[in-house]
Amino acid sequence: MDIAITGMGTISPLGTTVDDLYDGLLAGQIGIGIAPWATSVEEGLYAAVHDRFDPTASMDPRVVAGTDGFARFAIAACAEALNDAGLDPDSLDPFTTGVVHGTSMGGHFTVARAQHQLERNGVDATDRKTQIKIWPNMAAAQICLAYGLHGPSITVTTACASSLDALNTAALYLRAGLADVVLVGATEGGYTADDGDHFLPAFVAGERAYGMSSGQTDPHRAMLPFDVDRVGIVSGEGSAFFVLETAEHAAARGARIRGWFGGGASLADAHHPISPEPEGRWEQLVMERAQAAANVSPEQIDVMIAHATGTPKGDQAEIRAINRVFDTSQRVVATGLKGNTGHTGASSGAMSIIAGIRAMETGKLAAIAGTNVVDPEANFDVAVHRPRAMDVGVFQVNSFGFGGQNASVIISREANHAGS
């Protein structure tokens with residue numbers, strides 16, 4: 001069964017629309033800056049959305065009051081995707097429209113804020129809606145509430161692989177006949193400071209203690225995917241959503257097709273809670289399985305949008321995996337978003353798909369920001385310094401999460417009738 005991508009939406013560190021994200025990538029913009037809980041770069045960097053996004057401009061005040069920032073991001077990104085798809089929400093069949101959403105940590109900022117307020121001001125200072133804000137399923141639930149949907153609604157939480165696993169799950173629903181439209185995406189973050197009451201989230205302190213953070217103070221050098229000088233990550237936030245439809249449903253309403261979901265795969269690395277298997281054997285296998293599911297060969301793939309975390313071990317394993325999947329005679333072009341957007345967690349893979357689809361449409365592929373000297377172990381072509389003018393017909397996206405959560409998907413300009 002062919003699965004059409006008919007709509008896209010995003011809230012990202014580069015802006016609040018798909019055009020903002022893509023134009024920012026092409027321009028080499030960096031969404032990394034002083035963290036909203038910090039007063040200087042020395043106190044921490046973060047790729048934030050908070051100063052670009054005003055949920056009160058488009059949402060019912062009761063929804064704003066009853067949700068964590070991550071759910072607000074998801075609601076807004078989903079609304080843009082529906083609008084982009086030309087779908088009137090009132091036209092959605094409530095029983096055959098599904099929602100699949102991915103997130104690593106759900107409303108973790110609400111948890112951090114509640115603890116901060118409790119310790120500073122006592123029990124009475126705790127937000128009475130804390131419980132309904134923190135649950136990871138609340139983004140999908142709020143979308144169902146907004147549009148009166150009663151179809152499948154599920155939340156995927158597989159760390160940084162969550163968005164691609166969400167797409168793979170949505171494809172299963174469509175191919176099983178459980179839905180003819182699925183609103184699918186992933187979201188991370190949502191820091192807000194009520195009444196200027198800034199606080200340092202515990203998970204940020206934990207990143208530093210574990211050595212995950214890059215520790216850099218220059219936003220343009222903070223994340224260096226595939227660079228010889230890579231040292232770690234800068235966390236970010238945002239959401240990206242898609243409207244997926246069966247080909248029959250899309251054709252019946254005359255929908256514009258932005259791309260086709262060819263197929264995907266996911267598997268467990270089962271090596272270490274945080275580090276990938278050093279040779280990238282399982283990352284190689286998930287890429288190969290995704291290609292088989294989409295019925296494409298490595299030679300047919302024009303672009304690899306890599307996970308490319310900018311960590312020494314993570315990049316090394318992925319580089320080795322890509323080397324083996326793509327023979328050196330077939331110079332696939334690789335790029336990644338994290339130098340621009342920071343590591344947006346669960347939403348990073350979905351943002352990569354948006355970048356790939358826009359590259360298919362425009363013939364302009366964004367380069368990796370920040371990276372100057374590509375790791376010489378990479379036997380493939382890494383796009384750096386400036387956008388590439390190229391014809392992109394098929395691209396692959398990788399997302400690899402803590403706990404060995406490996407996922408990969410194939411997106412194409414033309415349907416190839418895979419997955420039937």
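**Exercises on aromatic ring pairs**

In this predicted model, ring pairs join Trp 37, Tyr 46, Phe 109, Tyr 191, Phe 199 and Phe 203 into a cluster. The count of aromatic pairs comes to 8.

**Exercise 1.** Classify the pair formed by Phe 53 and Phe 73, and state which parts of the chain the pair ties together.

*Solution.*
1. A pair of aromatic rings is described by the distance of the centres and the angle of the planes.
2. For Phe 53 and Phe 73, the distance is 5.5 Å centre to centre, with 65° between the planes.
3. An angle over 60 degrees counts as edge-to-face, so the pair of Phe 53 and Phe 73 is edge-to-face.
4. Phe 53 belongs to the loop between strand S3 (45-47) and helix H2 (61-65), while Phe 73 belongs to helix H3 (residues 69-84); the pair therefore ties together parts that are 20 residues apart in sequence.
5. Phe 53 has 14% relative accessibility and counts as buried; Phe 73, at 4%, counts as buried.

**Exercise 2.** Classify the pair formed by Phe 109 and Phe 203, and determine whether Phe 109 and Phe 203 are buried or partly exposed.

*Solution.*
1. The ring centres of Phe 109 and Phe 203 are 5.7 Å apart and the planes lie at 70°, so this pair is edge-to-face.
2. Helix H4 (residues 108-121) holds Phe 109 and helix H8 (residues 202-210) holds Phe 203; the pair therefore ties together parts that are 94 residues apart in sequence.
3. Buried means under 20% relative accessible area.
4. Phe 109, at 0% relative accessibility, counts as buried, whereas Phe 203, with a relative accessible area of 21%, is partly exposed.

Key. Residues numbered from 1 in each chain as written. Predicted model: local features only at pLDDT ≥ 70, side-chain atom pairs only at ≥ 80, totals over all residues. Heavy atoms only, no water. Phe/Tyr/Trp six-rings, centres within 6.5 Å; stacked < 30°, edge-to-face > 60°. Helix = DSSP H or I, 4+ residues; strand = E, 2+ residues; numbered from the N terminus. Buried < 20%, exposed > 50% of the residue type's maximum accessible area, 1.4 Å probe, protein only.
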